[in-house]
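Subject: Handing over the structure

Dear colleague,

I am passing this structure on to you, with the sequence and the coordinates shown just below. After that comes an account of what was found, written for someone who has not looked at it before.

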Amino acid sequence: MADFKTHISASTLVGIAYGYWGVTSQSMTLENGILAGGLCSVSGMLPDLDSDGGIPLREISMFTAAVAPMMMLNRFRDYDLSHESMALAAMLIYVVIRFGAFEFFKRFTVHRGMWHSLPAAGVSGLIAYLAMPTTSDAERAYKAVAVVVGFLVHLILDEIWAVEVGVARLRTKKSFGTALKFLGNDAIANVFVYALLFGLCYTAWSDNTIAARLRERAKYDLTQPGWRYTPTSPPSDWTAPQWQLPELGLSASRPSAERK
């Protein structure tokens, strides 16, 4: 199995290439290219969250807990939060990720379980997609795919390191096939990961519509303090219309009624 330095080095090199490709071929800004490259680099450590401890778990837990609130600034703006509410939400997210989510990985996952799988790579990308809403779907998908690519780099390296090449022989280790897989040995873990994957797919599918409604509501929210309707004055050459009563055809019948 490849070690930590190999994983982070390979995902960093792939991240540099991915960022360069986005800037030169996909019309992404330099900032988005650098950010996508960084996401790809860090995502190379994500599959090792199911390890019992060590450098990967410690590094990724601190980095994710610190960076995730900053990546969610656009999400906070969609909900029209004040600066104080944003700061409070950022602190809560840090605590939940640092001491909640990663404690869950330590207690309820096994190394090379379903978190070392292709569906888990999709889950990671969808979480990144939902955490970083933007007005451009292309930029949002570009950064989410960077997370998936970094995740896959780790899985591919694990499979490569599970093959031993010798003189005129080729042998595979017992760990071969435990990384690039769709199903694991634990049925409960399989159901949980796929349920999470499909739930995130549905949420991501409808998220753009929800975010657009939130932005529209914030734009036209009449309850915001300081809002005041100021009608525009009519142009100088404007004249009031001359209204006339319509002819209803009642004048001809009125004399006959008077004779009676």
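Over the ring of which residue does the charged end of Arg98 sit? The ring is that of Phe99, and the charged end of Arg98 lies 5.5 Å from its centre. A second case of this kind involves Arg140, whose charged end sits over the ring of Tyr129 at 4.0 Å from the ring centre. Please keep in mind throughout that this is a predicted model.

Overall layout

The secondary structure of the protein chain comes to nine helices and two strands, and along the sequence these follow the pattern α-α-α-α-α-α-α-β-β-α-α. The protein chain has 260 residues, of which 35% are buried. Among its contacts between residues at least 6 apart in sequence, 73% join residues at least 24 apart.

An unreviewed UniProt entry lists residues 85–102, 114–132, 144–167 and 187–205 under "transmembrane region". In the model, the chain over residues 85–102 is 100% helix and 0% strand, with its end C-alpha atoms 25 Å apart. Over residues 114–132 the end C-alpha atoms are likewise 25 Å apart, while the chain there is 74% helix and 0% strand.

The start of the chain

Helix H1 covers residues 4–25 and helix H2 covers residues 30–43, and Ser27 lies in the loop between them. Although Ser27 is not a glycine, it has a positive phi of about 60 degrees. Its relative accessibility is 70%, which is over the 50% cut-off, and therefore Ser27 counts as exposed.

H2 has 14 residues and reaches 20 Å from its first C-alpha to its last, close to the 20 Å expected at 1.5 Å a residue. The buried residues of H2 are Asn32, Gly33, Ala36, Gly37, Leu39, Cys40, Ser41, Val42 and Ser43. Ile34, which also lies in helix H2, is by contrast exposed, with a relative accessible area of 60%. From C-alpha to C-alpha, Ile34 and Gly22 are 9.5 Å apart in space, and they are 12 residues apart in sequence.

Ala17, placed in helix H1, is partly exposed with a relative accessible area of 44%.

The nonpolar core

Which residues touch the most other members of the largest nonpolar core? They are Leu49, Ile60, Trp115 and Phe151, in a core of 43 residues. The elements that give two or more residues to this core are H2, helix H3 (55–71), helix H5 (83–108), helix H6 (118–131), helix H7 (137–161) and helix H8 (187–219). The largest share, eight residues, comes from H6.

Leu49 shows how such contacts reach along the chain: leaving aside residues up to four places away in sequence, Leu49 touches Leu57, Ile60, Phe102, Phe105, Thr109 and Trp115.

Aromatic pairs

How many aromatic pairs does a search of the whole structure find? The search finds five. One of them is formed by Trp21 and Tyr142, a tilted pair with 6.4 Å centre to centre and 35 degrees between the planes. This pair links distant parts of the chain, with Trp21 in helix H1 and Tyr142 in helix H7, 121 residues apart. Trp21 is partly exposed, with a relative accessible area of 40%, whereas Tyr142 is buried at 5%. Another of the pairs joins Trp115 and Phe151 edge-to-face, with 5.7 Å centre to centre and 80 degrees between the planes. Because Trp115 lies in the loop between H5 and H6 and Phe151 in helix H7, this pair ties together parts that are 36 residues apart in sequence. Trp115 counts as buried at 13% relative accessibility, and Phe151 is buried with a relative accessible area of 0%.

Finally, ring pairs link Tyr18, Trp21 and Tyr142 into a cluster.

With best wishes

Conventions. Residues are numbered from 1 along each chain as its sequence is written. This is a predicted model: local features need pLDDT of at least 70, side-chain atom pairs count only at pLDDT 80 or more; totals for chains, interfaces and linings use all residues. Side-chain values use heavy atoms; hydrogens and water are left out. UniProt positions are given in the numbering used here, feature names are shortened, and annotations may be inferred rather than shown by experiment. Helices (H or I, at least four residues) and strands (E, at least two) are DSSP runs, numbered from the N terminus. Buried means under 20% relative accessible area, exposed over 50%, partly exposed in between (1.4 Å probe, protein chains only). A nonpolar core is a set of buried Ala, Val, Leu, Ile, Met, Phe, Trp, Tyr and Cys residues joined through side-chain atoms within 4.5 Å. Contact means heavy atoms within 4.5 Å. Rings of Phe, Tyr and Trp (its six-membered ring) pair if their centres lie within 6.5 Å; planes under 30 degrees apart count as stacked, over 60 as edge-to-face and the rest as tilted. A charge sits over a ring if NZ of Lys or CZ of Arg is within 6 Å of the ring centre and within 35 degrees of the ring normal. The expected span of a helix is 1.5 Å times one less than its number of residues.
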